[in-house]
Amino acid sequence: MKRQYERKFARTGAGILTTIALVLGAASAAAGEAESYRVAAIKDAAYGNLIMREKFDTAIERLERRDRKGIYGFYTATNLCVAYIKTGSLENAEASCTLAVDSIEALLAARARVDIDSELHSVRRYVALALSNRGVMHAVSGRNAEAQSDFEAARDIEARLAEPSINLARHMASVTPGG
């Protein structure tokens, strides 16, 4: 059974709300290990509605044709990251997850240079979610040190966000003997 948890964050640069939805469960046997991790998709942008309905192949097909600049590039890369994790396409997930992290970190740096405090908190949350998603990809790929590093960095950036801590705890339990 698919479960979704939603949280609203301010869309950077626009005054519109973007819904971050957590997608739980795996869509394929190859992604079976991802089942107990939480990955976050952008529900109301970049074909997030398809991600929420678990139409990952259709979402991937459409997202691959989208522009990847600015905040919308982050939305696209994030949703591709989730779709690829859920379909077990880990090489593609790695590229998309890393692009999501890189694009949102670049946006954070740009916003910090012009000191837009009202937007920095939202962007930091996006950075934490992107790192947590990439951590899931690393964990499912068996790259434990990289997964732990991403989960810890995400938790340190945005301590109030539950997903990085939940994913880190799940990961540590799976790599600890007897866990």
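## Two helices side by side

At what angle do the axes of H3 and H4 cross, and within what distance do they come? In this predicted model, the two axes cross at roughly 155° and come within 8 Å. That makes the pair roughly antiparallel, because the angle is over 145 degrees. The crossing of H3 past H4 is left-handed.

Why quote both an angle and a distance? Two packed helices are described by these two values, taken between their axes.

## The whole chain

The chain has three strands and seven helices. Along the sequence, the pattern reads β-β-β-α-α-α-α-α-α-α.

The chain has 179 residues, and 46% of them are buried. Its accessible surface comes to about 8200 Å². Carbon and sulfur atoms account for 49% of that surface. Take the contacts between residues at least 6 apart in sequence: 58% of these join residues at least 24 apart.

## Where H3 meets H4

Which residues of H3 meet H4? Among them are Ile 71, Gly 73, Phe 74, Ala 77 and Leu 80. Tyr 84 and Ile 85 also belong to the H3 side. The H4 side includes Asn 92, Ala 93, Ser 96, Leu 99, Ser 103, Ile 104 and Leu 107. Cys 81 in H3 and Cys 97 in H4 take part as well.

## The disulfide

A disulfide is a covalent bond between the sulfur atoms of two cysteines. This structure holds one. Cys 81 and Cys 97 form it, with their sulfur atoms 2.0 Å apart. Cys 81 lies in helix H3, residues 70-87, and Cys 97 lies in helix H4, residues 90-113, so the bond ties together parts that are 16 residues apart in sequence.

The torsion about the S-S bond is about 75°, so this disulfide is right-handed. Are the two cysteines buried or exposed? Cys 81 is buried because its relative accessibility, 1%, is under 20%. Cys 97 is also buried, with a relative accessible area of 0%.

## A closer look at Thr 78

Thr 78 sits in helix H3. Its relative accessibility is 4%, so Thr 78 counts as buried. Which residues does Thr 78 touch, leaving out those up to four places away in sequence? They are Ala 40, Ala 41, Ile 42, Ala 100 and Asn 133. Ala 100 is one of the H4 residues in the meeting between H3 and H4, and Thr 78 is one of the H3 residues there.

Key:
Residues numbered from 1 in each chain as written. Predicted model: local features only at pLDDT ≥ 70, side-chain atom pairs only at ≥ 80, totals over all residues. Heavy atoms only, no water. Helix = DSSP H or I, 4+ residues; strand = E, 2+ residues; numbered from the N terminus. Buried < 20%, exposed > 50% of the residue type's maximum accessible area, 1.4 Å probe, protein only. Contact = heavy atoms within 4.5 Å. Areas by Shrake-Rupley, 256 points an atom, 1.4 Å probe, with all protein chains shown as cover. Disulfide = S-S within 2.5 Å. Axes fitted to C-alpha atoms, helices over the stretch in contact; angles between N-to-C directions. Parallel < 35°, antiparallel > 145°, perpendicular 65-115°, else oblique. Left-handed = near helix turned anticlockwise from the far one by under 90°.
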